[in-house]
Amino acid sequence: MSPAKVAAGQNPLRDPLDKRLPRIAGPCSMVMFGVTGDLARKKLMPAIYDLSHRGLLPPGFSLVGFARRDWEDQDFGTVVHEAVRQHARTPFREEVWRQLAEGLRFVPGSFDDDAAFDLLAQTVHDLDEARGTGGNHAFYLSIPPKSFAQVCRQLQRSGLSEQRGDAWRRVVIEKPFGHDLASATELNDIVEGVFPPDAVFRIDHYLGKETVQNLLAIRFANTLFEPIWNAAYVDHVQITMAEDIGIGGRAGYYDGVGAARDVIQNHLLQLLALVAMEEPGSFDAAHLRAEKEKVLAAVRLPGPVTACSARGRYAQGWQGSEPVQGYVQEEGVAADSATETYAALKLSVENRRWAGVPFYLRTGKRLAKRVTEIAVLFRRAPFLPFSPTETEELGQNALVIRVQPDEGVTVRFGSKVPGAQLEVRDVTMDFGYGRSFTESSPEAYERLILDVLLGDPPLFPRHQEVEQSWRILDPVIDQWSQLAEGPQDYPAGGWGPHSADELLERDGRRWRMP
């Protein structure tokens, strides 16, 4: 393997064509900003431990925390230890923890503190000497987007963003990537003014989920589905991300952002792109991203915003057996807030493959259950040689990809009911990850963090995809802001506002009940 590939973070002893050998990151460290936040504590630190437990991190891997806390290295170690104990997917093993703990460092400071970033630069340099990290460092910005610019400029000022020789420096940024097209473009200019485009990794954790990646395998590894993956056979597509929780303590972030910006702009439009894109030449980053960008460029609202969208806000109701309060009663939410907690869109993809096929996207909080799924519903047979009574319980054929929580795939089709009468009814064939594979699926952040350290970018959207998504969503949000009526209330524990049902009923369709 070439020195460049070694420097890129790849294991020089691994043959990339030998699937028996795991992908192991080369010498490197990760600097994490925002280590006191929920994301770092519940997802990022446990994912790093799980990678170490699986033997996918190098022995000298180091994790540097940066926050406004008066901590020493051992205090940070205690925080990481507690996070791992509570939230890691893999079992806790003392020998794994000891090896990981040897590389833990902490730098106290604020984002406007030049001296703190100078100390961070010295800490990173010391790790190169003491831990053999080889000048390879990833900077994870688990912080509010308003701070991205300041941190990136500090990384540039202190020399931390500078790549020397074959060593690499990469930056990881969490959504939201701006709040509209203009802010997303400005943010991109700032980040890519400090790091080259191929060193910027935009995290959308949904793209790290096994079932989302399985969508590509279903489509392109089988001759069963791809020939009918088009407007001649597909009636419509529904993409759902439903949550049974409210905003919790996130009012400061969520109020003024809303469901459309929080979920549709990134997660659901990315899922749409994977469903609708053409077959890439390969699954390397350039080919995969190019196909996603082409299909997003073809997405349109097929009519006025008022006819192609719905929005709602959860009111008081019942979540299971527990009474819950409405959105405007949540702590930190203004009584006159116009923020939606439910959003649904009808979109079209204006190309030959998908002409005339509507894509319905919906997301909401305080809904009946937590579920994310992609449902491809097929056209009915053009002719049925049965009497109406024989097929009165026959619905549409469907392929449903369950992203969470019960990861798997369901195929729905018609079959004869046993007995003397000829009666056709819907049945299902079901594949579940938990039943078909002995190894449990890794968390999305495990896959994505490892990909960052390996320099493997296919699962990370580049700025063109982000900007296309805002181009689609901006007109909807702009129109909503001009309407006299706010979001329509829906009871907690239900499936959203009546306007969302009407969105499909106007087309003679209805939402699936997962």
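Visitor: Is strand 5 (residues 169–174) enclosed or open, and why?
Guide: Six of its six residues are buried, so strand 5 is largely enclosed by the rest of the structure. Buried means under 20% relative accessible area, with a 1.4 Å probe and protein chains only. Strands are DSSP runs of E, at least two residues, and helices are runs of H or I, at least four, numbered from the N terminus. This is a predicted model: local features need pLDDT of at least 70, side-chain atom pairs 80 or more, while totals for chains, interfaces and linings use all residues. Residues are numbered from 1 along each chain, and side-chain values use heavy atoms, without hydrogens or water.

Visitor: Which way do the side chains of strand 5 point?
Guide: In a regular strand, side chains alternate between the two faces of the sheet. Here Arg169, Val171 and Ile173 point one way. Arg170, Val172 and Glu174 point the other way.

Visitor: Which strand pairs with strand 5?
Guide: Strands pair if DSSP finds at least two bridges between them. Strand 4 (residues 137–141) pairs with strand 5 in the parallel sense, over five bridges. In one of them, histidine 137 partners arginine 169.

Visitor: How do I read the packing of helix 10 and helix 11?
Guide: Two packed helices are described by the angle and the distance between their axes. Axes are lines fitted to C-alpha atoms over the stretch in contact, and angles run from 0 to 180 degrees between N-to-C directions. Helix 10 (residues 258–276) and helix 11 (residues 285–297) pack at about 105°, with axes 9 Å apart. That makes them roughly perpendicular, a label for 65 to 115 degrees.

Note on methods: Parallel < 35°, antiparallel > 145°, perpendicular 65-115°, else oblique. Buried < 20%, exposed > 50% of the residue type's maximum accessible area, 1.4 Å probe, protein only.
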